[in-house]
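Work through the exercises below with the structure open. Each task is followed by a stepwise solution.

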Amino acid sequence: MKAAVLTKPQAISNRPLEIRDIAPPVLQPGMVLLRVKACGVCRTDLHIVEGELTQGREILIPGHQIVGEIVDGATADLPLATRVGVSWMGGTDGTCWYCRHGMENLCDAPTFTGYTRNGGYAEFALARADFVFRLPKSLDDILAAPLLCAGIIGFRSLRVAGVEPGEKVGLYGFGASAHLAIEVLHEWKCKVYVSTRGASHRQLAASFGAEWVGSESDKPPVELDRAITFAPSGEVVIAALSALRKGGVVAINAVHLDHIPQFDYDRLLWGERQMRSVANMTRDDARDFLRLASEIKLRPKVTTFDLDHANEALAAVKRDAIDGAAVIVVRT
Ligand SMILES: [Zn+2]
Ligand SMILES: [Zn+2]
C-alpha cells in the first residue's frame, strides 16, 4: 500500500514524510482493517512530525482523523463495508483508575492513533473495533474527516470550559477546531468573540457569525464567561485569562504549548478564575458530538491534498495557510 511514513522527526520544511510502498497492516484480534478514504490533518500531526511530541514509534504513519470502510475483521455490529471514523484515542486499558471512573481520556496506558499506533496517512489502517465510530450519512468522506479530532476535541473543550447556553464565549485562534466549535456555540445560543491572527482567519470568523472579531492582541469588548484557546502559545492563554469575568474558565485546547509567561495572580486568576487543559477525548464525547454534528448539519470548510502531498498539507497547517481544515484524500 501507499503510505506517508515518518522515519526521523524534523522541521516540516525538510519534508520528513516519505511516500513509500509498504506492506499493508495485518489484521489482529479485536481490530478492524479499514480501507482509508480520507484523513484529516491536525496540528498534533505537525508536533509529531517535527519532534515536539516524542513518545511515538520509530517508524510511524501519522494521521488520526481517519474515515474508512471496514474490509476485514467485521463483526455483527460492524459488518463489512461499514463506514467508520477513527480519532486520536486509539484505545485504553479499561482497567486503570481513570478508566474505571469515567475519565478514559486520562487513561494511564492509552494508545494514540497516528502516534503510538500507525494512523491514516495510508491506503489501509488498523483500528480497535471498540474505538471506531459510525459516521453521519449526511457527511461525505472529506467533510467527515475534520470532525474526528478538530470537531470532537473542540466539543470537549466547550464541555471542559463549562459553557452554558446563552453565555459569552471567546475563541482564541480560528482554525480547524474553532470553526466547528462556533457552530455548536451558536446552536447553544451563545455569543462568540474571536481573537485570531491573520486577516483571512478573521474574515472566516466574521463569515461564521462571530459577534466580534479582533487580532490576538485585541481585547474583546465584553468580559467573557468562558474562553477556549487553540494556539500552541502561552501568551494567548494569558490574553484569554485577562478577558474573563470572575469565576470564568479558560480551556486550553493544545497538546503542546511553548511556555506560560509569568502573570499577575491578583489581577488575572484571583476571583475563582480557572485555567484547564483539555486532554484527549472520551468515546462519549465522540458519540455525542457526531450526533450533534448530524443534527445541526455541521459542514466543515476543507482544503484537500492527495497522499503524495502530505508534507505540503502539514506545511500549510504550520503557516496557518488553511481556512478551516486540511484533509488528505486517499481514495474516493
Ligand atoms: Zn488532533
Ligand atoms: Zn485506563
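**Exercise 1.** Are C96 and C107 buried or exposed?

*Solution.* Start with the conventions. This is a predicted model, in which local features need pLDDT of at least 70, side-chain atom pairs count only at pLDDT 80 or more, and totals for chains, interfaces and linings use all residues. Residues are numbered from 1 along each chain as its sequence is written, chains are lettered from A and ligands numbered from 1 in the order in which they are written, and side-chain values use heavy atoms, with hydrogens and water left out.
Next, apply the cut-offs: buried is under 20% relative accessible area, exposed is over 50%, and partly exposed is in between (1.4 Å probe, protein chains only). C96 is buried, and C107 is buried too.

**Exercise 2.** Find which residues coordinate the zinc ion (ligand 2), and name the geometry of the site.

*Solution.* Step one: list the donors, meaning N, O and S atoms within 2.8 Å of the metal (3.2 Å for Na, K and Ca); water is not among the atoms, so sites may look incomplete. The zinc ion (ligand 2) is held by D93 through OD and by C96, C99 and C107 through SG, at 2.0 to 2.3 Å.
Step two: check the angles. Four donors count as tetrahedral if all angles lie between 85 and 135 degrees. Here the angles among the four donor atoms are 96 to 119°, and the site is tetrahedral. For four tetrahedral donors the ideal angle is 109.5 degrees.
Step three: read the spacing. The donor residues follow D-x2-C-x2-C-x7-C. C96 sits in the loop between β6 (89-91) and α2 (97-100), while C107 sits in the loop between α2 and β7 (111-112), 11 residues apart. Helices (H or I, at least four residues) and strands (E, at least two) are DSSP runs, numbered from the N terminus.

**Exercise 3.** How many salt bridges are there? Which parts does the E69 and K37 pair tie together?

*Solution.* Step one: apply the rule, a side-chain nitrogen of Lys or Arg within 4 Å of a carboxyl oxygen of Asp or Glu. The count is 21.
Step two: take the pair. E69 and K37 form a salt bridge at 3.9 Å, N to O. E69 is in strand β4 (residues 66-72) and K37 in strand β3 (residues 31-41), so the bridge ties together parts 32 residues apart in sequence. K37 is buried, at 16% relative accessibility.

**Exercise 4.** Where do D284 and R287 lie?

*Solution.* Both are in helix α9 (residues 283-295), three residues apart, about one turn of the helix. D284 is partly exposed at 48%. R287 is partly exposed at 40%.

Note on methods: Four donors count as tetrahedral if all angles lie between 85 and 135 degrees; four count as square planar and six as octahedral if opposite donors are over 155 degrees apart and all others between 65 and 115; anything else is irregular.
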